[in-house]
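Me: I'm new to this one. Can you walk me through what is worth a look?

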Amino acid sequence: MTDDAPGGSRPALSRAVAVDPVKFAAAYWGKVPLLSRAGELAGAGGFDDLLSPGAVDELLSRRGLRTPFLRVAQQGKVLPADRFTGGGGAGAEISDQVLDDRVMQLYASGATLVLQGLHRLWPPLIDYSRRLGAELRRPLQVNAYLTPPGSQGFSTHYDTHDVFVLQVDGTKRWRLHEPVLADPLEKQAWGGRADEVSATAQGEPAMDVVLSPGDALYLPRGWLHSAEALGSRSLHLTIGVRALTRYAVVEELLALAAGDARLRATLPYALDVSDPDAIEPELTETVEALRDWLTTVEPAEVAARLRGRDWPSARPEPVSPLAQLDFAAGLGRDDQIRVREGLRWQLAEDGPEHVALRLVGRTMRFPASCASALRIALAGDPVRVGDLPLEDDADRSVLARRLLNEALVVPAR
């Protein structure tokens, strides 16, 4: 077991950046790129344990991969999926399964392969991305880019999410330019500024580096980048960190503002909204109404709406359905349980006799006497069923079994 495995002591972030997390947050996060060489990173063992060329072969040939889990790009353009997918054969009548022989031919002709959504497909990346996401408190997506020697899959562009690049195999040259739009939102993709991006890319790069196996690069959203494999094939992981912005807070405030009567008022009869002079007094009154309403907003209201936006975007650790049910059926007082890593929950009073456990997409009610036991069971550390603070063993077993059957906790092995 490595130090950053579940239960280990090494932060997952230490595999991707070579500075202390506090310094990373203050000096780099959302601000400027950071290059971390293999020898500077925790463990300095490379990233083959997360994904290797052999693992790529297995994914492409033996896992029944379907679109959109694979994209293929050549000369800066994404190829149609029918160039590399087809039927799955007898017993798997699916029309979009990846065809390994076609993929091999396209790759041999210079195409870049993009394995997408590996945080949902490949066990080592499922585990690592969940731990890293928990440290950053943000949902992650993981793609892998396999580029033939001397090839460039995509032209200079920017992403609307922060990125950690982990070089697995081969070498790749990265050219970075400062943003043409700082902190772009998801709806402000680079294609809308293609001419400006192209012009900026002609200038001197802010950073021009070659990544070798085990090296890592952090890129804030908006930074222009292009990457080219050098003398051999290149395999790297891209971990995208989805941003939650102040604009998201504004969007939720506007949704809440629909409850204010002044802001719902109809504009005057026959108002010419294209006339700046005619709209000026209405704009003034609207701004005043909005300012007055904003003074009444409770943080709890905004937090509740942001919870609905944020929580569903990340999944907790996988559950093994059969093993979970078998464990619950044979549960004893000496068995131990622990909360699923990454589970989002809040416990609140629900009247004098109940507590409400808020989860993603649902709320569960329990007797108020279960509050302390729930907090202990969901706190993170393993807990023995017989140690739950309830009246008797029967109550402890009922609660623990319910938490297991609802997939909120798992056996603590």
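**A first tour**

Reply: Start with the contacts in the chain. Counting those between residues at least 6 apart in sequence, 76% join residues at least 24 apart. Keep in mind that this is a predicted model.

Me: OK. How many helices and strands does the chain come to?

Reply: The chain has 12 helices and 19 strands. Its C-alpha trace spans about 70 × 70 × 50 Å along the principal axes.

Me: And what percentage of the residues count as buried?

Reply: The figure is 42% of the 413 residues. As for surface, the chain exposes about 21,400 Å². Carbon and sulfur atoms supply 51% of that area.

Me: Let's do helices. At what angle do H10 and H12 pack?

Reply: The angle is about 170°. H10 covers residues 321–329 and H12 covers residues 393–405. Their axes are 9 Å apart.

Me: Which residues make the contact?

Reply: From H10, they are Gln 324, Leu 325, Phe 327, Ala 328 and Ala 329. H12 brings Arg 401, Leu 404 and Asn 405. By class, that contact has five nonpolar, two polar and one charged residues.

Me: New topic. Where is Ser 36?

Reply: Ser 36 sits in strand S1, residues 34–36.

Me: Buried or exposed?

Reply: Ser 36 is buried, because its relative accessible area is 0% and the cut-off for buried is under 20%.

Me: What does the Ser 36 side chain reach at 2.9 Å?

Reply: The backbone nitrogen of Ala 18. Leaving out residues up to four places away in sequence, Ser 36 touches Ala 16, Val 17, Ala 18, Leu 41, Asp 215 and Ala 216.

Me: What about Ala 73? Which strand does it lie in?

Reply: Ala 73 is in S2, residues 70–74. With 1% relative accessibility, Ala 73 counts as buried.

Me: How far apart are Ala 73 and Gly 153?

Reply: In sequence, 80 residues. In space, 5.8 Å from C-alpha to C-alpha. Gly 153 is among the residues that Ala 73 touches, not counting those up to four places away in sequence.

Me: Now the backbone. Which peptide bond is cis, with omega near 5°?

Reply: The one from Thr 67 to Pro 68. Pro 68 lies in the loop between helix H2 (53–62) and S2.

Me: Why point that out?

Reply: Because most peptide bonds are trans, and most residues other than glycine have a negative phi.

Me: And phi of Asp 183: positive or negative?

Reply: Positive, near 50°. Asp 183 is in the loop between strand S9 (172–177) and helix H5 (194–201). At 40% relative accessibility, Asp 183 counts as partly exposed.

Me: What is phi of Ala 270 near?

Reply: Phi of Ala 270 is near 60°, a positive value in a residue other than glycine. Look for Ala 270 in the loop between helix H7 (261–264) and helix H8 (276–294).

Me: Is Ala 270 buried or exposed?

Reply: Exposed, because the relative accessible area of Ala 270 is 68% and exposed means over 50%.

How values were computed. Residues are numbered from 1 along each chain as its sequence is written. Side-chain values use heavy atoms; hydrogens and water are left out. Axes are lines fitted to C-alpha atoms, for helices over the stretch in contact, and angles run from 0 to 180 degrees between N-to-C directions. Helices (H or I, at least four residues) and strands (E, at least two) are DSSP runs, numbered from the N terminus. Contact means heavy atoms within 4.5 Å. Ala, Val, Leu, Ile, Met, Phe, Trp, Tyr, Cys and Pro count as nonpolar, Asp, Glu, Lys and Arg as charged, and the others, Gly among them, as polar. Buried means under 20% relative accessible area, exposed over 50%, partly exposed in between (1.4 Å probe, protein chains only). A polar contact is a pair of N or O atoms within 3.5 Å; within protein, one must be able to donate a hydrogen and the other to accept it, and residues adjacent in sequence count only if both atoms are side-chain atoms. Accessible areas come from the Shrake-Rupley method with a 1.4 Å probe; for residues, only the protein chains shown count as cover.
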